Amino acid sequence: MVDTTSLTRAVDHFADRLRAAPQSRLQRAGAAEALALAREFARRAQLLEDPAAEPREMPDAGMFAAADQITVAGHDLALVLTGEAEVEEAVRLVEEAQKRAGV
């Protein structure tokens, strides 16, 4: 079993930063970056769970739900990752999205 603690911590940190961000920051880039990352994580998790199925896209539930969406998608992905390299890549994606989001 692979240790995904670094991923869940990174996701939780990003989500906490989004929750604490002012609405103006969420409108500028924060929510869009979080949603894009949540959609990517959901896509990856679905492909790992069922490679033959067409992944469903996570809906846009609004800027105030972005932190929750990234938390759910990130934790779901952490459950299905099978290697340290996958975890490291996912953590890198979180860090890059957080930088772009400016939070």
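Residues are classed here by relative accessible area, calculated with a 1.4 Å probe on protein chains only: buried means under 20%, exposed means over 50%, and partly exposed lies in between. The structure is a predicted model, in which local features need pLDDT of at least 70 and side-chain atom pairs count only at pLDDT 80 or more, while totals for chains, interfaces and linings use all residues. Residues are numbered from 1 along each chain as its sequence is written, and side-chain values use heavy atoms, with hydrogens and water left out.

In soluble globular proteins, nonpolar side chains tend to be buried together. A nonpolar core is taken as a set of buried Ala, Val, Leu, Ile, Met, Phe, Trp, Tyr and Cys residues joined through side-chain atoms within 4.5 Å. The largest such core has 33 residues, and those with the most contacts inside it are L7, F14, L18, L37, F41, I70 and V94. At least two residues of this core come from each of helix 1 (5-20), helix 2 (23-49), helix 3 (66-80) and helix 4 (84-101); helices (H or I) are DSSP runs of at least four residues, numbered from the N terminus. Helix 2 gives the most, with eight residues. When residues up to four places away in sequence are not counted, L18 touches L26, G30, A34, A67, I70 and V103, contact meaning heavy atoms within 4.5 Å.

A66, in helix 3, is buried, with a relative accessible area of 1%. Apart from residues up to four places away in sequence, A66 touches A31 and A34. The C-alpha atoms of A66 and A34 are separated by 5.8 Å, although the two are 32 residues apart along the chain. T4 lies in the segment before helix 1 and is buried at 14% relative accessible area. Leaving aside neighbours within four places in sequence, T4 is in contact with A78 and V87.

The structure holds nine salt bridges, each a side-chain nitrogen of Lys or Arg within 4 Å of a carboxyl oxygen of Asp or Glu. R19 is partly exposed at 46% relative accessibility. A salt bridge joins R19 to D68 (2.7 Å, N to O). This pair links distant parts of the chain, with R19 in helix 1 and D68 in helix 3, 49 residues apart. R19 also pairs with D16, the closest N and O atoms being 3.4 Å apart. In helix 4, E96 and R92 are four residues apart, about one turn of the helix, and form a salt bridge at 2.9 Å between the closest N and O atoms. R92 is partly exposed, at 37% relative accessible area. Salt bridges that share partners join E40, R43, R44, E89, R92 and E96 into one network.
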